[in-house]
Amino acid sequence: MKYYLDNSYQMLQSTSDCADCMICPQKLYLDITQDCNLWCKMCRSEKSVCQKIMPLDLFKRIVDETCPYVRSYSLFNWGEPLLLKDFCERVRYVNQRKRQDCNVEISTNGMLLSDQMIAFLLSEKVNVIVSVDSADKIDFEAIRRGSNFERIMENAKNLAIAYKDFPPQQSPSFYISIQKDNQHQILEIVKLAHSLDIKRIGCGIVVSPSEYAPTQDEALCHELERAYRFIENNDMFLEVYPTKVGNYVFADGRYKNLSGFIVNTICNAPIVSAVIEYSGNVYLCCNVGDYVGNISDGSFLEIWKGERYNKLRRNVNDPGNMPHKCINCSWFNRN
């Protein structure tokens with residue numbers, strides 16, 4: 001199963017500029033740390049634990065300012081959130097302050113998902129995404145350098161057991177970064193998830209660094225289609241997936257040549273979401289779009305509603321002024 005996304009309102013939104021009327025992003029990524037206990041080959045060249053941590057007072061100030069509006073807090077971006085000694089305190093604070101209809105999520109490499117941590121995440125109803133890029137131990141540990149395949153799979157199994165009563169769309173997830181070294185293993189990763197009772201799957205195409213990007217060809221399309229069919233046939237939940245792969249777009253259950261379609265490449269990420277880095281730097285989106293400003297000594301909402309932000313919102317859909325990272329963004333069919 002998967003969300004049915006097409007509706008008439010989205011069609012209206014795709015060509016409308018409503019940036020100036022947004023009070024606050026609906027989704028806010030708080031990059032609480034950029035430290036990580038792994039050095040995944042497509043992410044960083046070496047292990048990096050150097051105290052790149054968002055100060056707790058800054059974290060609380062951001063939550064206090066945005067909690068009346070935000071509907072989803074993601075407590076991660078480029079680091080491993082479970083490394084933080086005060087991680088539990090931060091989660092409790094968000095849950096105490098947030099709207100009732102707001103969810104809290106993390107993405108983790110799975111190494112630190114102890115029984116105690118799983119029990120905490122369950123008690124706070126945190127949505128958990130585990131990054132899994134291979135079903136094979138050798139390939140997995142070659143991509144996610146410093147990891148232990150067996151430990152992560154055991155942790156994922158325990159996580160699934162703990163969350164067994166949650167609906168599929170809120171249960172633990174495997175997220176697959178589709179890249180050159182695993183583009184023929186997508187179905188096997190999904191089957192691995194199923195064997196561990198992981199019901200939720202997400203995947204996206206790596207476009208940077210370019211040397212790790214997959215070959216976006218018909219073979220990749222077929223691999224993804226096979227994975228999607230397995231998910232559907234086994235009552236799993238396909239959360240997010242590439243809508244465009246090279247010269248193909250996903251329609252009616254399969255990837256078809258884009259020559260028969262007008263492909264929507266309009267980006268609305270800076271209208272509905274934002275990233276605040278550990279240092280207080282504000283960026284347009286979770287893909288580290290252009291830098292907007294810093295809130296260490298000021299208000300996030302002032303920056304959000306400011307002229308520079310609105311100018312950048314216009315630029316992301318302007319071919320002549322489009323930021324470099326926006327040009328090949330797979331999330332908006334530009335890959």
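Helices (H or I, at least four residues) and strands (E, at least two) are DSSP runs, numbered from the N terminus. This is a predicted model, in which local features need pLDDT of at least 70, side-chain atom pairs count only at pLDDT 80 or more, and totals for chains, interfaces and linings use all residues. Residues are numbered from 1 along each chain as its sequence is written, and side-chain values use heavy atoms, with hydrogens and water left out.

**Exercise 1. Work out the strand order of the open sheet and find its edge strands.**

Step 1: Two strands pair if DSSP finds at least two bridges between them. The open sheet has 10 strands in the order β7-β6-β5-β4-β3-β2-β1-β11-β12-β13, with mixed pairing.

Step 2: β7 and β13 (291–294) are the edge strands, each pairing on one side only.

Step 3: For angles, axes are lines fitted to C-alpha atoms, for helices over the stretch in contact, and angles run from 0 to 180 degrees between N-to-C directions. Neighbouring strands of this sheet are turned by 25° against each other on average, direction ignored.

Step 4: Look at one pairing. Strands β1 (residues 27–30) and β11 (residues 273–276) run parallel and are joined by 4 bridges; L30 has I276 as its bridge partner in β11.

Step 5: α7 (residues 186–195) lies across β5 (173–178) and β6, running at about 165° to β5.

**Exercise 2. Check the span of α8 and follow the chain on both sides of this helix.**

Step 1: The loop between β6 (200–205) and α8 (218–233) contains P209. A cis peptide bond joins S208 and P209, with omega about -5°.

Step 2: The expected span of a helix is 1.5 Å times one less than its number of residues. For the 16 residues of α8 this gives 22 Å, and the end C-alpha atoms are 22 Å apart, so the two agree.

Step 3: The buried residues of α8 are L220, C221, E223, L224, E225, A227, Y228, F230 and I231.

Step 4: D235 counts as exposed because its relative accessibility is 56%.

Step 5: D252, in the loop between β9 (248–251) and β10 (254–257), also has a positive phi, near 55°, in a residue other than glycine. At 71% relative accessibility, D252 is therefore exposed.

**Exercise 3. How many disulfides does the structure hold?**

Step 1: A disulfide is a covalent bond between the sulfur atoms of two cysteines. The criterion here is a pair of cysteine sulfur atoms within 2.5 Å.

Step 2: The count is 0. C203 is in no disulfide, and the nearest cysteine sulfur, that of C221, is 12 Å away. C203 is buried, at 3% relative accessibility.

Step 3: C285 is in no disulfide either, with the nearest cysteine sulfur, that of C286, 5.6 Å away. At 16% relative accessibility, C285 counts as buried.

Key: Buried < 20%, exposed > 50% of the residue type's maximum accessible area, 1.4 Å probe, protein only. Contact = heavy atoms within 4.5 Å.
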